[in-house]
Structure formats: C-alpha cells, structure tokens
Amino acid sequence: MSDIRFEGWLHRSGTGGVYQDSAGNVGIASTQPQTRLDIGNGGFQVGPTGIATVTTINTTNLINGTPLTNRNLIINGAMHIAQRATSSTTSGYGDVDRWQHEYAGNDEAPTFAQVSLTTSDTPYTLGLTKAFKITNGNQTSGLQATSQINFMQPIEAQNIRNSGWNYKSSSSYITLSYWVRASVTQEYHGFVKTADGSNYAYPFSLGTLSANTWTKITKTIPGNSNLQIDDNNGAGFQVWPVAFYGTNYTNDSITENAWAAWASGNRSHDQTATWWTTNDSTFEITGVQLELGSVATPFEHYSYGDELARCQRYFCKAAEKGGSDHSVALGANYSGSNAFIHVTFPVTMRTTPTLDQLTGTNYYRYFSNGGYETFDDMNSLDTATATPEGVEVLKSGISITQGSAGFLRYQHASAEIRFTAEL
Amino acid sequence: MAYPTDPIYKLQKEPIYGKVCAVNKQIGDSEPYRVLSIPFEEANTDYQEYLAWVAEGNTAEAAD
C-alpha cells in the first residue's frame, strides 16, 4: 500500500470533501481547517493539543457551558410535591410546593390544583406525570382593571447569583422552558423579574395557544448591566410563567423580550379577555425549567425524595396529618404547667421558620407520667432558641409533672404542625 | 381559642425568662383555624409582613 500525500482538496463533492493545508491541518467539509482535524468549519475540532471541541450536539441539546447536573434553578418544576394540599382556592401558598399564586378583581375564586396527566398528554410521554392547573371561576363582571390571576416562583438570590449566569452581561443567557395547555385559544403572557435593588422585569408573550393543545414555551433571556442579584437567602429572582391581568397591570407600549425597570403597570401588553370571561376555563403548566445557557435542554427529572428535600427548605411538617394518636414529637416538662416540644427539621430551612399549625377543639394531646392533657393548640415557638435547623414549641397551661418527659400526638384528623420559611 | 381579630397579632411570652418570644396570628373563622407563631427573624417573610403592619401604625395585643 502506498502513501496518499496531498495539499488542497483530496476530493470534493458539493460542500463535502477532504482538505489539507500547507501546515498539515486536515479539514472535512472544512475549507480552512483551524486545528489538526476540523470537521464542518469548527463544528468538531481536535488539536493541536489533542483536546476535542464540540460546539453543539444538537441531538441532545447540550451545549458548552450547560451544567450536566443540577441544571434546573426551579424547584418542583414537575409539580410533583404538594405538601400542603393537592387543591386550594388560597391566594398565596396553598397546594404545589414553591409555587405561589394570587388572584383579585374576580367574582368567583379560581381553583388551583395538582393534576395527573395521562398517556395522551405530550408532557406525560416525556416523564412529566403531574401538572399544575388553574380553573377559572365565573367572572360575570368581566376582566376588570384590577383583575389578576398569577402563578409565580420566587428564587433565592444566592441560587441565581451563584448559578454561573453572568447576569450583568448581555451575552450571557439563562433559558426558561415549560409546557402549557389552555382551554381557550388566545395570546397569553408571562415575565421574569429581579427582586434586589431597583427591580427589573423581562415581559414576554407565550404566543397564541391553540385550545386544548400542549405547547412548549422557550424563552432565552440575556443578562443586563442594570440587574442586581444579591448573594443572600432573600428573594432575588421571580419567574411568572403565566399571568392574567386587567389594565391596571398592563401597558401596550412596553417592549417584550427586553429588560426594563419594574413598574407594576408594565407587566405585559394589554390582555385579551376571552380566557378570563370563560366560565371554568383552564390553564395547565408543567416541566418548568430555568437553566444556564441559551438552549433549553430536556427537563431534568429529580427523584421524589430529592425534590421533596429541596421543597422542605421552605416548608416542612413535624408530622403528617394522621388522626387520633398520631405521633408528632418528644417534649420535656420544664415546670408543672409548661412543656417544650423539640422539633428538628429534615433539612436546614431557608431561615428561622414560622410555626404554622392547624388548630381546633381537642386537636392535640400531650402524654406524660402515665396520663395526658388534651388541648386545642400549641402556644408558640421560642425565637430565642429557634434556628433554621430546629425549634422548641411551647405548650403552657397544662397540668404535668416537672422534670418528666412527654410526647405529643395529633388527636384530630385535621391537626397538623408545619413550619414555613417561604420567600 | 382566643386570638384577636383586631389587632390581628398577639405577642407571646416564654416561661423561663418571661420574655416576649414570638408574635401570633390567627387565619380563618372556622375550624381548623390556622395559627402562625412568627419568630423575630428579619429574613422571615411573615415577620416582614408583621413589621409592615406595625409601620402602618398598628400595635399587636400584649402578651398574657
């Protein structure tokens, strides 16, 4: 076999072929090889130091700078965790963890719920088996200026600040992606917003969604020199994947897909009222992912336990509801009428949390010295001893023996002791 | 169950040193009531909400 030596094109067909320059660099479909081996004008390069560089692998959507793990800055983007309830009409936190919702200017309250998807739902085929669903009420007064229903996740500032996003640079990107389905065909809107310093917002349109059709929304968002995101445990960034607003909150002259100083009346363009005025209209969302880089990668699935632990940084329970004689925690009898119940949290919480208890007649029972005391509620937590790792919960006004130990039980199906450190 | 509705907050004392240890707030008008016991922690958003309420000129009910 003899050597094949050449300079210039060995063979060329259309844009293909093999090319060698005078320095010995070889290109395939590459007229000016920049390295020892260059395929497709920089698409794939090797050398001269022997390091391979691949600018884009389109089949997996992994790009340079995209973390391989812990990509998703959103917690509970798959809507799997619902520690409080699976359905509520609460304005605030009431159902799926980490997602806050508000409503106002309405005739009938909307319902917020975790729902199960089925094989006919596109996200289900991608491993997303739960979704968050807003079911509208009957808004007989129409879309008023003060009307709103929104859905938002606040993110700890330090999680964005330390994500790798150069948020001050217009050439550094984060990408927000999620699946949505609405029962009404119309244009929908969302935005992201900073929450430190002078706040800035980045409004965008979801486009006109076809009724009852799952659509993937992708928004690539650049940094901006005006943004401030602190390195602390406060709210630094907010994601509002969808928001319904009356004209008090909208302005048709704002520029979409651009950062601008936050103004409450500039959250979106003026909105079509069809969804709002359709009784029992619905909007579903799942697979919310916010990640470093300019490309939306496939949704990063976490195990139930891992996602639950992420949520417990913001909300956890001393024990699940369980009816009569359901174990909660151990206590110590400080005096003949005061017991301290110590609760250690499953993870370190964001900050010292609020004791958040569900109370009622004879909801709780404290056992000690061969007897028990039944009561409606706990008195309080003790700030002086409370930490993000655990708290002492005080029960006063009971008859117990000083120096003894005891244990607390739920005595009612609705009793529950929770702790909240939400943003 | 004797939580105030106006003012909506009530201070609480702990029995060891007799110091005010938290501020409580009841939500709801039927069982199960939701009772929040809020620590004096600046990063706690319930405490931030309480401080905003105080800044409006309101005063919590004194501890028993």
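How many bridges join strand β24 of chain A to β30(A)? The views below, all taken from a predicted model, start with that pairing.

**View 1. Strand β30 of chain A and its partners β24 and β21.** The count for β24 (residues 354-359) and β30(A) is five bridges, and the two run antiparallel. Look for Gln357(A) here: its bridge partner in β30(A) is Ile417(A). Strand β21 (residues 315-317) of chain A also runs antiparallel to β30(A), joined by three bridges. In that pairing, Cys316(A) sits opposite Phe419(A).

**View 2. Side chains along β30 of chain A.** This strand (residues 416-420) is mostly covered, with five of its five residues buried. Glu416(A), Arg418(A) and Thr420(A) point one way, while Ile417(A) and Phe419(A) point the other way.

**View 3. An open sheet of seven strands in chain A.** Going across, the order is β26-β25-β29-β22-β23-β28-β27, with antiparallel pairing. Strands β26 (371-375) and β27 (380-381) stand at the edges with a single partner strand each, so one side of each has no neighbour in the sheet. Zoom in on β26(A) and you'll find β25 (residues 364-368) paired with it in the antiparallel sense over five bridges. Arg365(A) stands opposite Thr374(A) of β26(A) in this stretch.

**View 4. A nonpolar surface patch with residues from chains A and B.** Tyr334(A), Ile16(B) and Tyr17(B) make up this patch of about 330 Å². Tyr334(A) comes from the loop between β22 (326-333) and β23 (338-344) of chain A. With a relative accessible area of 37%, Tyr334(A) counts as partly exposed.

Note on methods:
Residues are numbered from 1 along each chain as its sequence is written. Chains are lettered from A and ligands numbered from 1 in the order in which they are written. This is a predicted model: local features need pLDDT of at least 70, side-chain atom pairs count only at pLDDT 80 or more; totals for chains, interfaces and linings use all residues. Side-chain values use heavy atoms; hydrogens and water are left out. Two strands pair if DSSP finds at least two bridges between them. Helices (H or I, at least four residues) and strands (E, at least two) are DSSP runs, numbered from the N terminus. Patches are made of residues with over 30% relative accessible area and no salt bridge: like charges are joined within 9 Å, nonpolar side chains (Val, Leu, Ile, Met, Phe, Trp, Tyr) within 5 Å. Accessible areas come from the Shrake-Rupley method with a 1.4 Å probe; for residues, only the protein chains shown count as cover. A salt bridge is a side-chain nitrogen of Lys or Arg within 4 Å of a carboxyl oxygen of Asp or Glu. Buried means under 20% relative accessible area, exposed over 50%, partly exposed in between (1.4 Å probe, protein chains only).
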